[in-house]
Amino acid sequence: LLPGRKVLCLSNMGDGISLKFRQKLLLIDDNLGTEDVAALKFLCVDLIPFKKLESAQSALDVFQLLMAEEYLKEEDTFLLAELLYRIKCHFLLQKLNYTKERVQECLPEKQKVSPYRQMLYELAENITSDMLKEILFLLRDHLPKRQPIISALELLILLEKQGLLTESNVKMLEEICTSVSPDLLEAVNSYKREKGENSRVRASCKSAGKTTFALMCKLKALGFSHLLSLSAFSISTSAREYSANQGICMAWKCQSIQFLPGTLECLLPYWKLTSYKMDGPKRGFCLVINNVKFDGNFGERKGSCKDAGELERVFTWLGLEVKMYKDQTSKEIKDLMETWQDSKNHINRDCFICCILSHGESGAIYGKDGELISIRTIMSYFTAKQCPALAEKPKLFFIQACQGKKIQCPVYVEADAQDPELSPVQQRISPSESIPEEADFLLGMATIDGYASFRHVEQGTWYIQALCSKLQLLVPRGEDILSILTEVNEDVSRRADSLGRKKQMPQPAYTLRKKFIFPVPRDPPPS
């Protein structure tokens, strides 16, 4: 028997709704908890008057409000599918005959939840209980003392009610994030960038007359925002769907296109851009070499195991088979590279990734025995000639190590370099010089040549933590690896030691010929 309240909600849904659809909604309601209902209500704030939402106590109440406003219909359940997708209840999508992938494909044209609301929800999801306490302390003069706040969503709603947070004014939000955790700024910055791009698109549409806004949005979604600044053009077109997961533009059938002179010639090369093949039976191997303890006078790299564990979780989530190696000498690293160079298992795999966490000097890393091995030597084991099984496949190397002398840092922040008195004088080597002279390599360095990189003895290194965070955030959005590494640069550049005196800037170098885009994993990010 159904509880009385559920019977009442179902009976109030209207006579035009079939019993089968009511049962679907009831099944979905049964699988949603209190926090899920709070999330649904928050995501619907721009669609339903807030006073009505406040009275909703269950998912069924929310569904009824959506149907009353004609956002949810038996013949069109996409909004509900979008909401379930946003709150990561992917297992419930099948009740509506959707899959996670199908929702992702439809979002660019059919989404109802605004980018602003998405940003706030994403931000709330990343605010920990400790962060919330800090934020409440910072905002104590702006919040009513009579109203206890127990969640980040409640806080954001209250700030909106007081006019301190709006779609066009997120300044206070930026100040809070900067004070509490710079990592939180990513969601706000992404929203501001997207808002700016959309404004430019609308301006282009207005000046172009018949220009199809939807097609320009597709260009932006495919990573071609820079093309939107080209001369105005007018298009009448029907386009087949593109694969957001793979980031590959599929065939576009244009029935009639009229471009201003020179515009078509500019656009065609970009439409032909392709990505590396990433749909093989297996994704590939990821090696993580984690040097923590060293012989002689080298300091222990405390916090490095945190990095190694995070890399293992994230790359496993991305479909790679992760192999962990700890405290390797320079000879053992070379032997390891030789073993993987000769591996026949690369043949049926899409890519190869190698992460090395150690002390370092310009263009080289240290084995646990204190002997240097150049980064170029490590990478050269995997050229097309030396490792034919990886020919024309992307090979990514991420190096967390200093590329210069040790810097005196405050407690809890150390530099990944040996003692300056023990360092031999070496010629500086730029990342581009470390890459083998052939295609399909990427080298992500934690810092630019000649400088130290920093590591928290408990939380790990700035670079690896930012890399793992951005991969989890941006892979589901279909971003390519170079865009992700640009975001990593932005993240790390904002960090500083407790006194605000020590900074760091990562540096990628690459000879990739195509876009490298990880397929979107079926499971949610590991953290």
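Here are legends for a few close-up views of this predicted model.

Residues are numbered from 1 along each chain as its sequence is written, and side-chain values use heavy atoms, leaving out hydrogens and water. Because the model is predicted, local features need pLDDT of at least 70 and side-chain atom pairs count only at pLDDT 80 or more, while totals for chains, interfaces and linings use all residues.

**View 1. Helices H15 and H19 pack at an angle of about 20°.** Here we look at H15 (residues 304-317) and H19 (residues 462-474), whose axes lie 10 Å apart. Helices are DSSP runs of H or I with at least four residues, strands are E runs of at least two, and both are numbered from the N terminus. Axes are lines fitted to C-alpha atoms, for helices over the stretch in contact, with angles from 0 to 180 degrees between N-to-C directions.

**View 2. Side chains meet where H15 touches H19.** On the H15 side, the contact (heavy atoms within 4.5 Å) includes Leu-311, Val-314 and Phe-315. From H19 come, among them, Ile-464, Leu-467 and Leu-471.

**View 3. Strand E3 is largely enclosed by the rest of the structure.** Of the 9 residues in E3 (residues 282-290), 8 are buried, meaning under 20% relative accessible area with a 1.4 Å probe, protein chains only.

**View 4. E3 pairs with both E5 and E4.** Strands pair if DSSP finds at least two bridges between them. E3 runs parallel to E5 (residues 349-357), joined by 8 bridges, and Leu-287 has Cys-354 as its partner there. With E4 (residues 321-326), E3 pairs in the parallel sense over 6 bridges, and Val-288 stands opposite Met-324.

Note on methods: Buried < 20%, exposed > 50% of the residue type's maximum accessible area, 1.4 Å probe, protein only.
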